[in-house]
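Have the coordinates open and try each task before reading its solution.

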Amino acid sequence: MTALINHLKQSSLLKTQSYVNGQWVKQNKTFSVNNPANNKVIAEVNDDGAEQTALAIAAAVKAQKEWSKTLSVERFAKLTRWYELIMANQDDLAAIMTVEQGKPLAEAKAEIAYGAQFIQWFAEQAKRIKGEVLPNPSSDRRISVIKQPVGVVGIVTPWNFPSSMITRKVAPALAAGCTVVIKPAAETPLSALALAELAHQAEIPDGVINIIVGEDAQSIGEVLTQHPDVAKFSFTGSTKVGKKLLEQCASTVKKVSLELGGNAPFIVFDDADLDAAVEGAIASKFRNTGQTCVCANRLLVQDSIYDEFVDRLSRKVSELTTGDGLQDSVDLGPMIHRNALEKTHQLVKDSIDNGAILVTGGQLPKDNSNFYPATLIKDVSNQMKIAQTEIFGPVAPVIKFETESEAIEMANDTRYGLAAYFYARDIGRCYRVMEQLEYGMVGINAGVISNPLAPFGGVKESGIGREGGSEGIEEFLEIKYACYGDI
Ligand code: NAP
């Protein structure tokens with residue numbers, strides 16, 4: 001903790017207590033947060049449970065009464081101030097993130113800016129919440145439709161993007177006039193609490209943002225998904241946990257948004273610009289050590305360019321360096337846990353046992369660390385476990401295909417439907433393939449596509465709803481239809 005504080009310009013950003021009703025609330029029970037780069041404890045943090053979650057919901061209910069009545073320009077002003085403070089503290093927030101999550105500092109800084117952009121975007125969107133006046137159904141009747149905040153929102157987020165997965169939900173919720181209770185992942189509570197400290201400094205009113213930190217995700221989750229005063233539940237995480245939480249939400253018929261896992265195909269056709277495709281594949285696959293929901297999970301490459309593509313990609317992959325994200329010029333930080341690393345290595349082993357060929361990487365570290373090298377495997381088949389599982393590690397499996405229709409069939413052969421990518425130059429092919437991919441998002445000659453202006457989200461078992469774009473705020477608004485008679 002002291003080492004991290006010495007790293008920060010504003011040491012008050014390092015918080016270890018939960019944030020409820022504008023207060024930092026201490027618990028006697030704590031749990032440890034570790035640095036995945038060295039497995040050392042960074043901080044002891046409150047270990048909240050069901051009781052504290054219910055108190056936070058009560059605070060959010062109380063605050064919602066006033067917050068929902070604020071003018072959109074007032075919400076714009078508060079959110080804008082929060083955005084400015086986050087950007088002014090970008091270096092500190094990035095350092096906290098790198099130490100608890102592992103990603104290289106440059107990536108952490110980029111995530112802070114990306115997350116802050118959602119606050120900036122939705123501050124503006126607050127001013128654009130619109131209703132409708134519809135044609136009269138009869139001469140003595142008038143119809144209007146208005147949008148109102150849904151109410152209190154329960155939020156659960158993952159460790160892989162500890163800041164932006166929170167702002168992507170909280171910003172539209174607040175812009176719509178909702179209040180929130182957030183449970184960040186137990187691996188990365190410090191980034192969430194630092195955001196709360198800046199929201200406090202931005203004078204976002206007490207109870208509008210509440211953060212509960214604790215290791216007992218199940219108990220906290222049960223309250224957030226089943227409490228009658230929580231009107232909406234928004235989750236980002238694995239499909240397995242998302243399905244369970246969706247079931248839990250049924251008892252109170254909550255509005256639900258889910259951002260779940262992915263199995264992104266990255267297709268390279270024979271008319272692609274190969275250098276651009278290699279660059280896109282590196283960015284899409286190895287960002288955050290391969291631990292992103294939109295990571296290229298399978299590289300599908302057309303037979304006539306297969307050898308050339310693998311050769312160019314392997315040269316780039318073998319140049320990627322792995323190390324503590326605080327060190328300069330590290331490309332890949334550690335994986336989040338040793339067991340995540342071992343699961344990734346098992347997938348690599350399984351594919352080689354079944355006939356795939358290791359091109360580079362693929363070695364377990366000699367010590368007990370969480371560093372796995374950037375790995376490339378070729379001659380993988382789409383039926384292998386590695387192609388059917390969300391790898392969530394720095395491993396690129398390459399699969400050969402012959403025809404466009406075969407590539408599309410392979411790409412869609414998964415229960416996931418979050419992001420897909422392909423590289424081609426023929427305009428007809430670009431449109432045809434884009435239309436046929438069963439995914440919520442498609443990158444065409446682009447390996448990184450997330451931004452606050454666009455609706456982010458998946459189809460099939462990758463989720464429900466969208467975050468960002470003009471759609472993002474609608475997730476936090478209810479529609480009310482009013483019929484005036486006897487006019
Ligand atoms: P996870 O295991 O599903 O955990 C996500 C969150 O859910 C964490 O806060 C976790 O808490 C909590 N949780 C776990 N079990 C719970 C339960 N029974 N009740 C309530 N909450 C529970 O996922 P993860 O490993 O953190 O994140 C990786 C996954 O997230 C990947 O599948 C990835 O694709 C997905 N993801 C999706 C998107 C998207 O936008 N679609 C974005 C990022 C990540 P604890 O940490 O305290 O256990």
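**Exercise 1.** Find how many residues surround the ligand in this predicted model, and which are the closest.

*Solution.* Start with the count: the ligand is surrounded by 30 residues. Then pick out the closest, which are Thr 157, Arg 168, Ser 238, Leu 260 and Glu 390. Next, sort the shell by class: 16 residues are nonpolar, eight are polar and six are charged.

**Exercise 2.** Look for N or O atoms in the side chains of Glu 187 and Glu 259, and a polar side-chain atom of Lys 183, and give the distance of each from an oxygen atom of the ligand.

*Solution.* Take Lys 183 to begin with: the distance is 3.0 Å. For Glu 187, the separation comes to 3.1 Å.

**Exercise 3.** Work out which pocket the ligand takes up, and which elements and domains contribute to the shell around it.

*Solution.* First, the ligand takes up the space of the largest pocket. Second, two or more shell residues come from each of α6 (164-176), α8 (217-226), β10 (230-236) and α9 (239-249). Third, domain 1 (2-260 + 462-482) and domain 2 (264-451) each supply at least three residues to the shell.

Methods: Residues numbered from 1 in each chain as written. Predicted model: local features only at pLDDT ≥ 70, side-chain atom pairs only at ≥ 80, totals over all residues. Heavy atoms only, no water. Near = heavy atom within 4 Å. Polar contact = N/O pair within 3.5 Å; in protein donor to acceptor, adjacent residues only side chain to side chain. 1 Å grid on protein atoms, 1.4 Å probe; cavity = no way out; pocket = protein on both sides within 12 Å on 5 of 7 lines; lining within 4 Å. Sits in = over half its atoms within 2 Å of the grid points. Helix = DSSP H or I, 4+ residues; strand = E, 2+ residues; numbered from the N terminus. Nonpolar A, V, L, I, M, F, W, Y, C, P; charged D, E, K, R; others polar. Domains from an automatic or database assignment.
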